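Subject: Structure for you to look at, with notes

Dear colleague,

Here is the structure I said I would pass on. Please open it beside these notes and read the two together.

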Amino acid sequence: MIQETKNEWATKNWAAYKERYNSIDFDRSSRQERIEIKESRAGVPTVRVMSSNEKWIFLHSSIDPVKEAQKMAERVSSESGKIIVIYGFALGYLVEALLETTDKRNLLFIVEPDYDLFCAAMAARDLNHIIGSERVHLLVNDLAGKIRSNFFALYDETKYDDIVMTGLSGHQMVYPAAYHELVPMIKDAVDAKVFNLVTMIKIGPDSAKNALLNMVDYC
């Protein structure tokens with residue numbers, strides 16, 4: 001019965017993912033030997049991952065991952081005008097809590113660097129409401145260029161006045177290299193957007209004037 005439920009969740013979650021992001025561009029097979037989905041004391045799934053030094057690290061609380069996520073979300077500003085960058089999706093509890101506590105106009109940009117963990121999560125619980133949300137942009141990738149280009153495409157410097165970063169402490173321990181690269185990548189994308197805006201402000205009037213002066217010749 002449990003296995004049937006997991007298969008049902010996986011089918012629905014992957015269908016929602018394909019609809020939301022148009023395609024599935026990575027291998028959905030998962031190497032489970034380094035990932036363990038376990039039942040927390042609260043009765044909901046939690047997960048632990050084998051780190052590079054061969055230690056098991058819980059990415060969510062082993063006691064109550066839902067309550068833990070709610071407490072973390074309460075520390076994140078709920079005001080509008082922000083992109084909230086979340087390092088680590090894991091089983092989605094933090095993203096779920098932030099959808100409830102933050103302003104509905106804020107975008108959640110989530111980076112999950114572990115393909116195998118994401119595949120395991122898709123079979124662990126119902127994630128339809130998270131994956132299908134227009135407020136959520138979920139990137140399952142650990143490539144610096146891919147993360148930067150995705151954030152650059154999403155970030156609107158005229159719409160958002162602040163970037164808030166949060167995430168799972170367990171993720172930072174298991175994937176430290178990817179985590180430390182994330183902050184400068186986000187900064188580079190923002191700097192590039194702001195530079196483009198400043199450039200357009202400076203040359204915009206001249207471009208419009210030249211277009212009008214050349215209109216007769218065009219005709």
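The notes below cover the strands and then the salt bridges.

Please keep in mind that this is a predicted model, in which local features need pLDDT of at least 70 and side-chain atom pairs count only at pLDDT 80 or more, while totals for chains, interfaces and linings use all residues. Residues are numbered from 1 along each chain as its sequence is written, and side-chain values use heavy atoms, with hydrogens and water left out.

Strands first. Helices (H or I, at least four residues) and strands (E, at least two) are DSSP runs numbered from the N terminus, and two strands pair if DSSP finds at least two bridges between them. A hairpin is formed by E1 and E2, with 5 residues between them, and Gly 43 in its turn has a positive phi of about 95 degrees. E2 is also joined by 3 bridges to strand E3 (residues 56-58), again running antiparallel, with Val 49 opposite Ile 57 of E3. E2 and E3 form a hairpin with 5 residues between them, where Glu 54 in the turn has a positive phi of about 65 degrees.

Now the charged side chains. The structure holds 8 salt bridges, a salt bridge being a side-chain nitrogen of Lys or Arg within 4 Å of a carboxyl oxygen of Asp or Glu. Among them is the one between Lys 12 and Glu 8, whose closest N and O atoms are 3.1 Å apart; both residues lie in helix H1 (residues 2-21), 4 residues apart, or about one turn of the helix. Glu 36 forms a salt bridge with Lys 38, with the closest N and O atoms 3.9 Å apart.

Arg 125 forms a salt bridge with Glu 96, the closest N and O atoms being 3.0 Å apart. Arg 125 lies in the loop between helix H4 (115-124) and helix H5 (128-131), and Glu 96 lies in helix H3 (residues 93-101), so the pair ties together parts that are 29 residues apart in sequence. Arg 125 counts as buried because its relative accessibility is 11%, whereas Glu 96, at 21%, is partly exposed; buried means under 20% relative accessible area, exposed over 50%, and partly exposed in between (1.4 Å probe, protein chains only). Finally, a network of salt bridges links Arg 34, Asp 114 and Asp 116.
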